[in-house]
Number of protein chains: 2
Amino acid sequence: MEFISGVMKKDTLEIGELLAGDYLGKKVTVNGAVHSIRDMGDIAFVVLRKREGLLQTVFEEGKTNFNIKDLKENSTIEAVGVMAAEDRAPNGIEIRLESIRILSEPKEPMPIAINKWQLKSHLETLVDLRPISLRNIRERAKFKIQEGIVIGFRDFLHCQGFTEIRTPKIVSRGAEGGANVFKLDYFGKKAELAQSPQFYKQTMVGVFDRVYEAAPVFRAEKHNTHRHLNEYTSLDFEMGYIEGFEEIMAMEAGALQYILELLKKDYANELRICGVDLPSAQNIPAIKFEDAKQKVSEKYDRPIRNPYDLEPEEEVLISRYFKEEYDADFVFITHYPSKKRPFYTMDDPADTRFTLSFDLLFRGIEITTGGQRIHDLDMLREKISARGMDEEGMEHYLMIFKHGMPPHGGLGMGLERLTMKILGKDNVRETTLFPRDLSRLEP
Amino acid sequence: MEFISGVMKKDTLEIGELLAGDYLGKKVTVNGAVHSIRDMGDIAFVVLRKREGLLQTVFEEGKTNFNIKDLKENSTIEAVGVMAAEDRAPNGIEIRLESIRILSEPKEPMPIAINKWQLKSHLETLVDLRPISLRNIRERAKFKIQEGIVIGFRDFLHCQGFTEIRTPKIVSRGAEGGANVFKLDYFGKKAELAQSPQFYKQTMVGVFDRVYEAAPVFRAEKHNTHRHLNEYTSLDFEMGYIEGFEEIMAMEAGALQYILELLKKDYANELRICGVDLPSAQNIPAIKFEDAKQKVSEKYDRPIRNPYDLEPEEEVLISRYFKEEYDADFVFITHYPSKKRPFYTMDDPADTRFTLSFDLLFRGIEITTGGQRIHDLDMLREKISARGMDEEGMEHYLMIFKHGMPPHGGLGMGLERLTMKILGKDNVRETTLFPRDLSRLEP
């Protein structure tokens, strides 16, 4: 009987291992994809693409078991050679090759030069070619940073006593309602794809007090803009026993601070590759919706057209205002008008035309919507009825209020938008591995 | 201008804080849901349900600002009182109440006694009532353990150099094909819900070498059994530069060992509540498909009916065999017949009727399918064509092989099944927050 007893030690070394160990002057085995070959005649530089970065190997005529002419870019190889210091090489090391073993070969040359520092093609082309354009060092670095954001979000909330939950994506009724839902047939029943985990995360506040989920949400919105996706990752949390919605904003500020610190610490290399200038979330101004509108209208001499919502241009101007006046990258806009917020939002008892809710703007774009929720069954039913909605399909949601819910609230943050703005990009497709929009279902 | 500068310190204390601090004999503020009231006349025990467990508070007639008759179970309250040692109370402490503030009240009594240790209702009833039945201490403990499994899976792979990815769930073509896909209209195009992240995770091996994702998958299977769900969480990883599929099994064994250690360390309380006896994943036997079939057929005198797949009863018998013979809870079944494996599975060069693939059985049920994938474009195309499939909709998948892929493989593990068997349950609905099956779309 054969037994499997845990991770097998590999003979091949990764870049971090080469740098950490005592390998200078020693023979090592490495593997990787042939990122580029610079053939100088008697000598050739074969740069390998590995998960931690690039590794230079050096071919010298007569010292190896192969002919450099037989080696193709984008082959994957295993190579044996002696490690040497070399200031001009990535990480200051190179491997002087003795032998290679070809693991796989490409059938065709790349349609784009993925080994260039910057890919010059249009975004649409790059997205069409994502399965391979992501192999570019700068393209892939964006998604390492995105990984770091999610890790930071989860780790921070875990330490704050939140529990991670997994809520269903096929639902009988979406949280927001309206037309922007994807519908599907579920064994003869009408079903929808979840627009948000709203009902479920509130439900789970009744169970664990504090919960979070980082998962896909689906919106059949017919906008094809630089900021909309039809499937995106929502970073959601919901917390009970709050005294006010300021606690939710405070928790988000804490999460952002933690995420930015984590990126600085664990993703320094990727930040450098992407040329990222991290923002500060230390002190985030908070201003009422109406005041914010007023201020930018005055400062930038722009008439207020829609008193109930922020136009995208206003979001840009508000961000500009707070950057200019307070050097702030983030700004909370509070007390949104009640009529533009979902029914479960708590109205401000001081003025019920407004709500105890907020958006977070970051460098000109809304990345978060959050607020306190109604936790009293009667108040919730009144709001449902006042909006002309019906309770059908909400029985399980209403059940939690019937049997007691603490005061609570939470938020949803769009991962791709947050990543986009951290990276200084202006199209959310830049920071979505495989974006889904009005005209794109592939790759 | 108001500024939000990070997490606000709460006046209320959690159980961990009460136990860690110097609070004996001191006045403290706590909050929670009224889990149970035991009214003895002059004295009453009011047990609060908090996220970390139960907290006993004591009402004494004349010493507080309220009448115990006015307090309802399942209200949420904030309470002030003096902390005292009390061996018979949970965690050895109690709060002697001075005052309470009611934060919310239920409208109706619970339809089930969620404050009982064990809920006696049928599973179907409990699932119907999940929004509130999850408030039961043992019910919710199952999902804390599930959280721990996911955290362990991710942390382990992160440390092994894997990158977390987020792949689309709305796709133009599912990985497995066949009839068990949910279809939807995507702005006039035919779309499907992803049955697995297979194509995308292989694609990302070309980018990051090693990747993982813990996310929902969707299968429109018409089985209504104790082990099938139509939406479940798949713990996926995929790794490049493998020498053989044994490396994948070894990585999975490592992940399971790490997860079990993490549960033992960080979820000891929940394990105790659920009465869990953790299995060992130290040495997992691996046996060929045909040999496993043969062995159980002989030992348990059972004819082999289907030579190409394992029947559920055979999975149970194989597990029983390895428990009896080797005291093993897990067993890898390797070299599945080629005709029962997806087209992208690498055939065994030694005997192409079989594949370099495996399932992992755990206590009688398959929890993982994995294996080495074909990385050569020509070999892949031959397999597609031999199966009478066409390449339409696979252009982006084939692109990665055209431009070079390392030898690679991976697996998908069903989170709910793994949780179920760790907990010693026999219905996957027990360990799914809000299960989706043939007849269930709610709650």
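**Annotated binding-site residues and the A–B interface**

In the predicted model, Gly414(A) is placed in strand β19 of chain A, which spans residues 408-414. Because its relative accessibility is 10%, Gly414(A) counts as buried. When neighbours within four places in sequence are left aside, the residues in contact with Gly414(A) are Tyr232(A), Thr233(A) and Ile367(A).

Gly414(A) belongs to a set of residues that UniProt, in an unreviewed entry, lists under "binding site". A polar atom of the Arg219(A) side chain lies 2.9 Å from the backbone oxygen of Gln195(A).

The size of an interface is often expressed as the accessible area lost when the parts come together. Between chain B and chain A, the buried area is about 10,900 Å², with carbon and sulfur atoms giving 61% of it. The contact involves 133 residues from chain A and 134 residues from chain B. Between the two chains, 70 residue pairs are in polar contact, with both residues at pLDDT 80 or more. On the side of chain B that touches chain A, helix α4 (residues 137-159) gives the most, with nine residues. Ten salt bridges are counted between the chains, including one in which the side chains of Asp376(A) and Lys107(B) meet at 3.0 Å, N to O.

How values were computed
Residues numbered from 1 in each chain as written. Chains lettered and ligands numbered in written order. Heavy atoms only, no water. UniProt positions renumbered as here; feature names shortened; annotations may be inferred. Polar contact = N/O pair within 3.5 Å; in protein donor to acceptor, adjacent residues only side chain to side chain. Helix = DSSP H or I, 4+ residues; strand = E, 2+ residues; numbered from the N terminus. Buried < 20%, exposed > 50% of the residue type's maximum accessible area, 1.4 Å probe, protein only. Contact = heavy atoms within 4.5 Å. Buried area = accessible area lost by both parts, 1.4 Å probe. Salt bridge = Lys/Arg side-chain N within 4 Å of Asp/Glu carboxyl O.
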